[in-house]
Amino acid sequence: MGFKPATICIQTERLNLLSHTVTSAVCRQTVLFLSSAVRMAGRGRGRGRGQLTFNIEAVGIGKGENLPPSTLQPTPLFPPMEHKPVPLQTGEEAEYMLALKQELRGAMKNLPFYIRPAAPKKDVERYSDKYQSTEPTDNTIEWDPVTLHRPSSFVTGFPPPHHVYFLGQTLEKKEEELSSDEEEREKKQEEEEQEGEEEYDEEEFEEETDYIMSYFDNGEEFGGDSDDNMDEATY
Amino acid sequence: MTAQEVRLCGLLLQEHFGEVVEKVGTHLLRIGPLSLRAIAHETSTPLDLVKKSLCVLLQHSLCSFEGTQKGPRGVVEYRASCERILRMLRYPRYIYTAKTLYGDTGELIVEEVLQRGHMTMSHAVQTVADRLTHNMEEGSSMEYSEVVSAFSRLVETHLLQRCPSVTEGPLPVASSGGPAASATVPTLSECQTERFNLPPITLKGRGKRRLSNEDNEAEQARGKRARLDDANTKTSGDEGIYWQVNFERFHQYFRDQAIIGAVASKLDQTSSEIVRTMLRMSEVTTTPTAAYTQPLSVNEIFRALPPSYSISRPVLEQYLTLLVDDPMEFVSKTGDSGGGMYAVYVHKVLTSLARATLESVVQERFGSRSARIFRLLLRKRHLEQKQVEDFAMIPAKEAKEMLYMLLSENLVQLQEIPKTPDHAPSRTFYLYTVNPLSTARMLLQHCYKTVANLIVRRLNETKENKRLLEKSQRIEAILASLQASGAEAAQLTEVEEMITAPERQQLEALRHHVNKLDSSENQVDETIFLLESHISSTMASR
């Protein structure tokens, strides 16, 4: 609240004036300080306890009137608000400015002015690092103040088209192969949904490994076959 | 530079330019002017990253440099500007204003110049034409000349200005007799007469539509070769002349809008039109911090009124008298020549607006009775406890409570007037008072803190839901590519179902929260503008 214990001696009179007359919960802290101030005053003077330099009735506290109890803990972090805030302005102007703000934020991230710190080194260098595409590090390697004036290589507000195209291509190919596999097998409803998720996982998987997933049998056919020939010994 | 301002500046720098620039910028703000080596050493950032950050800050005029005499050979010191960084909060408002005044072309020009900091006219025209062409239908494209004319209009109304240009000069040599031409620090000189002169440029052509990715790899290769040749042969004649947005002019416009709005809500539409005319006529002759506009005679005002408001001369004079007699003192009469000379009292209007802001803050936080006490103290200046109770017509106990609540929030101050030399409390007057200027400053700091908290909360929300956001972005990318390559509806729905319904709800809630926080930032910025204008106007008039 702004009343520090160190300044109590200087502002004792002002505090005494204030804190005695308050009965609301908000100013409990001032009462706490008051009681400590009174004690300090008593200690300093050494003569009688709780004597103040002025008539306490003049300020407004009658004899024996209830003062609120002093607080023993800090005020809560999110105190309940008595007055709720006014709702925000809505309307075309507010929404347009909102859209502008969000677009500006997104666009700034793609301009060369956004400087990323150098990528942290991984613990061990992996062989596959050579073949993985990392984040564009041209921010730290070749950077020329002249490019700031003509950042023609940066296109604002658009995802790089060739990445998406490439992903789409591989996805399509994989989906065609997988769908032809599906037609050969019997499927229940839950398994179809699982398939969808597996498909998704496989596609994720495909981005990162060199192995072509369609060559890999994922075991369900294997399990199906063995169920038919139970008398054969399995090694 | 208070702690709240530095914190907010740090968050704004981080959002727009990344962490490295934020570290360098906040360090400069806290410590003051520093040399390059000192910055690199104290922030423990590699030297090249520091150089890049300083380049970015200088490009956007957030930082300035000057050669000093310190050290054996003189050193260049960089100084960050807190006020200018805080302007970044207001960028959407500038862009929206340009849109209302000059349409989509103006909006895009201002947006590009704000994003790039400094830009040549030709580059701005080309980029904007390309962007406009992209949004138009197939087959049509935007002429460069239209964009050039929009740019010229922006410059004529002083919304865009030239950046200070470089004049090479040798660094003043220290007295220890170091080598004469060891270092040259460029000095930037701003030529006032040339600030708004358009350079003659030769720029003919149309905007280029960005070609779609599927059919054009070969064409792109050909196009690139051709473009390289073009770039070598085509220089548009304005190299080295950079333009930036003139924030002062925008602020003047916002101020005028605030004044007109205040008049319209207090009086009526016609009076606001009269005030609008007066302000428009004195746009270029008034400095931003002037207390009064230039005096205008009734004849001039009458001639300059828009034709849609055809009021007769005596009616105009009556309106002006009304405006002068109003207790808000919007307009004041400064003389009798030419039928009466009138000027808009800008300083008083800004003060009234700031006071209205303070009163509404008190009302919303403490209730209408506390607001009544606050308004009373604003008008009557110094009052004793008993007088407050009487004037406000509130019972003693509640009045005391409210006064102490306001006092604890530092909105109201206590003034002691001793009757006796020994300052005995029983023989001292205690008067309550409100100091509008310091209260306005305090509220301004609260506003900065509010915006900083809003930004932190928004960043926190996005961070908590990062996984979900990334997943949804991936799904959208997959969907877009599938649609582009013509997939069936069944595949599309299958991909869409990868996001479950509760996840969709969570995404929707996140979007709603982020929008609300962003919108709040914009609106707190309006309050910041009012309070800052009031404070700067008061300081200038002292």
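Student: What share of the contacts in chain A with a separation of 6 or more comes from residues 24 or more positions apart?
Tutor: In this predicted model, such residues account for 65% of those contacts in chain A.

Student: And in chain B, what percentage of the contacts between residues at least 6 apart join residues at least 24 apart?
Tutor: For chain B the figure is 65%.

Student: Okay, what is chain A built from?
Tutor: Chain A has 8 helices and 0 strands. Read from the N terminus, its elements run α-α-α-α-α-α-α-α.

Student: How much of chain A is buried?
Tutor: Of its 235 residues, 23% count as buried.

Student: What is the average pLDDT of chain A?
Tutor: Chain A averages 58, and 25% of its residues score at least 70. Among its elements, helix α1 (residues 12-20) of chain A has the lowest mean pLDDT, 44. The highest mean, 90, belongs to helix α4 (residues 92-110) of chain A.

Student: Good to know. Switching to chain B, how many helices and strands does it have?
Tutor: Chain B has 21 helices and 14 strands. Buried residues make up 48% of its 542 residues.

Student: Which residues touch the most other members of the largest nonpolar core?
Tutor: They are B:F17, B:L28, B:I109, B:L160 and B:L377, in a core of 114 residues. As background, nonpolar side chains in soluble globular proteins tend to be buried together.

Student: Let's zoom in on B:I109. What does it touch, not counting residues up to four places away?
Tutor: B:I109 touches B:V128, B:V147, B:A150, B:F151, B:L154 and B:L160.

Student: I clicked on B:T97. Is that one buried or exposed?
Tutor: B:T97 counts as buried, because its relative accessibility is 5% and the cut-off for buried is under 20%. B:T97 is found in helix α6 (residues 91-116) of chain B. Leaving aside neighbours within four places in sequence, B:T97 is in contact with B:F250, B:Y253 and B:F254.

Student: And where is B:K333?
Tutor: B:K333 is in strand β10 (residues 331-335) of chain B. With a relative accessible area of 43%, B:K333 is partly exposed. The C-alpha atoms of B:K333 and B:A399 are separated by 41 Å, and the two residues are 66 apart along the chain.

Student: Now some helices! At roughly what angle do the axes of α19 and α20 of chain B cross?
Tutor: The axes of α19(B) and helix α20 (residues 489-496) of chain B cross at roughly 175° and come within 10 Å. The two helices are therefore roughly antiparallel to each other. On the α19(B) side the contact is made by B:I475, B:I478, B:L479, B:L482 and B:Q483, and on the α20(B) side by B:L492, B:V495 and B:E496. By class, there are 6 nonpolar, 1 polar and 1 charged residues.

Student: How do α19 and α21 of chain B cross?
Tutor: The axes of helix α19 (residues 466-484) and helix α21 (residues 501-541) of chain B come within 11 Å and cross at roughly 105°. That makes α19(B) roughly perpendicular to α21(B). Here α19(B) contributes B:R467, B:L468, B:L469, B:K471 and B:S472, while α21(B) contributes B:E503, B:Q506, B:L507 and B:L510. The residues of this contact divide into 4 nonpolar, 2 polar and 3 charged.

Student: Last one: which value is phi of B:S44 near?
Tutor: Phi of B:S44 is near 45°, a positive value in a residue other than glycine. B:S44 lies in the loop between α3 (36-43) and α4 (47-59) of chain B, and is exposed, with a relative accessible area of 61%.

How values were computed
Residues numbered from 1 in each chain as written. Chains lettered and ligands numbered in written order. Predicted model: local features only at pLDDT ≥ 70, side-chain atom pairs only at ≥ 80, totals over all residues. Heavy atoms only, no water. pLDDT = per-residue confidence, 0-100. Helix = DSSP H or I, 4+ residues; strand = E, 2+ residues; numbered from the N terminus. Axes fitted to C-alpha atoms, helices over the stretch in contact; angles between N-to-C directions. Parallel < 35°, antiparallel > 145°, perpendicular 65-115°, else oblique. Contact = heavy atoms within 4.5 Å. Nonpolar A, V, L, I, M, F, W, Y, C, P; charged D, E, K, R; others polar. Core = buried A, V, L, I, M, F, W, Y, C linked by side-chain atoms within 4.5 Å. Buried < 20%, exposed > 50% of the residue type's maximum accessible area, 1.4 Å probe, protein only.
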